[in-house]
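Thank you all for coming; I would like to take a few minutes to go through one model with you. Please have the sequence and the structure open while I speak.

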Amino acid sequence: MATDYDAPRKTDEDTDSIQALQERVPDKMSGVVDVDDADNPGFELAGQDLADLDLDVVVLPPQADEFTCVSCFLVKHRSQLDHEVKLGPVCKECAS
C-alpha cells in the first residue's frame, strides 16, 4: 500500500481541546525566570571585550597521513588527495 507522506497526519494529541492546550502553555505574564548559571557556563554577551582572555589550545603537528590543500588551505587525509601541482597538493573537492 502506498503512503502519502505529504498528507497531514492525525494523532491523539490533535484531538485535545482548546482548554487542554491552554493549560500546557506557560503564562507569559509570569515574572519568574528559571535561569541556572551552571547550565550556561560559557554564556557571553555580544560586544564584550575578550582581549585579555587566555585560551588553552592544543595544536597538533601535521600527521604523516595528512596534507594541506594549496587551494582551500584545509588539512585533509591522504585519501582526499587528487593531484599535486607545482605549489603543492590539491584535494578532490578543489580539483572538481
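This is a predicted model: local features need pLDDT of at least 70, side-chain atom pairs count only at pLDDT 80 or more; totals for chains, interfaces and linings use all residues.

Residues are numbered from 1 along each chain as its sequence is written, and side-chain values use heavy atoms, with hydrogens and water left out.

Let me begin with the overall layout. The protein has two helices and four strands, which follow one another from the N terminus as α-β-β-β-β-α; helices (H or I, at least four residues) and strands (E, at least two) are DSSP runs, numbered from the N terminus. Of the 96 residues, 7% count as buried, the term buried standing for under 20% relative accessible area, exposed for over 50%, and partly exposed for what lies in between, with a 1.4 Å probe and protein chains only. If we take the contacts with a separation of 6 or more, residues 24 or more positions apart account for 4% of them, contact meaning heavy atoms within 4.5 Å.

Now to the surface, where two patches deserve a mention. Patches are made of residues with over 30% relative accessible area and no salt bridge, with like charges joined within 9 Å and nonpolar side chains (Val, Leu, Ile, Met, Phe, Trp, Tyr) within 5 Å. Leu50, Leu53, Leu55, Val57 and Val59 make up a nonpolar patch, with about 550 Å² of accessible area together, and Leu53 has its place in the loop between helix 1 (18-24) and strand 1 (66-68). A negative patch is formed by Asp49, Asp52, Asp54 and Asp56, where Asp and Glu count as negative, Lys and Arg as positive, and His and the chain ends are not counted; the place of a charge is taken as NZ of Lys, CZ of Arg, CG of Asp or CD of Glu. Asp54 is found in the loop between helix 1 and strand 1, and Asp54 is exposed, at a relative accessible area of 70%.

Which side chains meet in a salt bridge? They are those of Lys76 and Glu93, at 3.5 Å from N to O, and this pair links distant parts of the chain, with Lys76 in strand 2 and Glu93 in helix 2 (residues 92-95), 17 residues apart. The rule asks for a side-chain nitrogen of Lys or Arg within 4 Å of a carboxyl oxygen of Asp or Glu, and by it the count comes to one salt bridge. Lys76 is buried, with a relative accessible area of 12%, whereas Glu93 is exposed, at 55%. Leaving aside neighbours within four places in sequence, Lys76 is in contact with Asp65, Glu66, Phe67, Cys91 and Glu93.

Finally, a word on the backbone: Phe73, in the loop between strand 1 and strand 2 (75-77), has a positive phi of about 65° although it is not a glycine, and Phe73 counts as exposed at 63% relative accessibility.

Note on methods. Accessible areas come from the Shrake-Rupley method with a 1.4 Å probe; for residues, only the protein chains shown count as cover.
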